[in-house]
Amino acid sequence: MGTSKISSTCLNAPLSAASLAPLLPQGRVERLQVFDTISSTNTYLLQKESFADGTVCLANEQTAGQGRKGRSFLSPKGMGVYLSYLLVPDEEEALYPATSFSTLTAYVCVAVSRAVSRVCGRTPDIKWVNDLQLDGRKFCGILTQMTLLRDSDRVQKIVTGIGVNVLEKKEDFPEDLRESVTSLAQATGHPVSCVSLAAELILQLDRMREDWRREHRSSFLPLSTQEKNPKSMNGSLPQTIRQSYLAAYRSMDVIKGKEIRVTDWKQGREARALGIGDNFELLVRFQDNRAEEALTGGEITVRLVEK
């Protein structure tokens with residue numbers, strides 16, 4: 001896939017509403033919150049109550065960037081894109097249980113991969129569930145967090161945070177990470193515009209948001225409506241959307257067929273990765289009892305077993 005035309009943007013331009021505006025649809029900057037330095041873009045959107053669906057928080061630097069399981073995410077100034085996207089359920093989506101949003105991170109992975117491919121001309125690999133890699137090294141992490149309505153399993157808001165290493169050289173990373181992480185500039189061999197990438201991420205996330213809304217609105221129609229219109233559950237639109245994202249995710253799955261270690265809070269177990277299930281779960285066969293299981297996000301850490 002060719003690179004996007006917006007990649008010609010000045011490579012040295014910092015992220016700002018002014019630098020992003022020419023690359024986005026008219027009026028889109030009204031839902032941007034851009035900071036030079038912030039503690040965490042995710043925390044900012046989670047703590048604010050008045051922002052609309054689709055609000056994006058970006059920063060040139062995070063001082064307390066977050067990763068999964070309480071880890072930190074290094075976010076040095078001017079070196080990457082640190083972006084969080086807010087989803088506020090509409091009137092219909094507010095009726096969905098929190099579990100119905102479980103595939104959202106996988107959809108975001110696909111959206112981010114599409115953005116990287118358009119800007120850089122390379123399609124990333126996905127290490128389940130939410131790490132994006134080039135040449136076997138991580139360059140992007142995704143963290144999805146949500147808040148629930150009081151005394152309910154209904155979602156109040158969801159924030160998905162995306163951290164992309166863009167301009168770092170190998171020596172810019174801590175020594176203990178240099179063999180496992182990379183940046184887009186390192187992997188492609190040329191500088192990449194943070195502004196161009198941020199704009200393309202916003203465009204692809206907006207597209208993903210609308211796709212997700214259309215698919216799930218059809219999937220959660222009341223039973224009476226389904227009976228009157230059976231195609232609402234099995235028709236081409238939601239099936240096409242879901243299958244498109246599932247096929248894209250599977251095509252980028254980097255661990256299918258590999259020996260891995262599955263680690264939870266109790267123990268580590270070796271298994272073979274069989275692929276991605278229909279609900280974006282990781283299908284594995286454990287070596288100790290040959291049992292096959294479907295693993296869901298948030299429960300395990302997957303590490304490739306070194307031979």
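**Cysteines, core and salt bridges in a predicted model**

Cysteine 109 is buried, its relative accessible area being 0%; buried here means under 20% relative accessible area, exposed means over 50%, and partly exposed lies in between (1.4 Å probe, protein chains only). The structure is a predicted model, in which local features need pLDDT of at least 70 and side-chain atom pairs count only at pLDDT 80 or more, while totals for chains, interfaces and linings use all residues. Residues are numbered from 1 along each chain as its sequence is written, and side-chain values use heavy atoms, with hydrogens and water left out.

A disulfide is counted when a pair of cysteine sulfur atoms lies within 2.5 Å, and a search of the whole structure finds 0 of them. Cysteine 57 is likewise buried, at 0% relative accessible area.

The chain as a whole contains 8 helices and 12 strands. Of the 307 residues in the chain, 49% are buried. Contact is defined as heavy atoms within 4.5 Å; among contacts between residues at least 6 apart in sequence, 63% join residues at least 24 apart. The chain exposes about 15,000 Å², of which carbon and sulfur atoms supply 49%. Such areas come from the Shrake-Rupley method with a 1.4 Å probe, and for residues only the protein chains shown count as cover.

The interior may be described through its nonpolar cores. A nonpolar core is a set of buried Ala, Val, Leu, Ile, Met, Phe, Trp, Tyr and Cys residues joined through side-chain atoms within 4.5 Å. The largest has 72 residues, and Leu83, Val164, Leu184, Tyr249 and Leu282 touch the most other members. Helix α3 gives the most to this core, with 12 residues. Apart from this core lies another of 9 residues, among them Tyr44, Leu45, Leu46 and Cys57. Leaving aside residues up to four places away in sequence, the contacts of leucine 184 include Val116, Cys120, Phe139, Val164 and His190.

Helix α3 spans residues 104-120 and includes serine 113. This serine is buried, at 2% relative accessible area. Not counting residues up to four places away in sequence, serine 113 touches Pro124, Ile126, Leu132 and Met252.

Charged side chains complete the picture. A salt bridge is a side-chain nitrogen of Lys or Arg within 4 Å of a carboxyl oxygen of Asp or Glu, and the structure holds 21 of them. Arginine 213 pairs with glutamate 210, with 3.4 Å between the closest N and O atoms. These two residues stand 3 residues apart in helix α5 (residues 194-219), so about one helical turn separates them. Arginine 213 is buried at 16% relative accessibility, whereas glutamate 210 is partly exposed at 37%. Both belong to a network of salt bridges that also links Asp53, Asp90, Glu93 and Arg209.

Arginine 285 and glutamate 292 meet in another salt bridge, at 2.8 Å from N to O. Here arginine 285 is partly exposed, with a relative accessible area of 24%, and glutamate 292 is exposed at 52% relative accessibility.

Key: Helix = DSSP H or I, 4+ residues; strand = E, 2+ residues; numbered from the N terminus.
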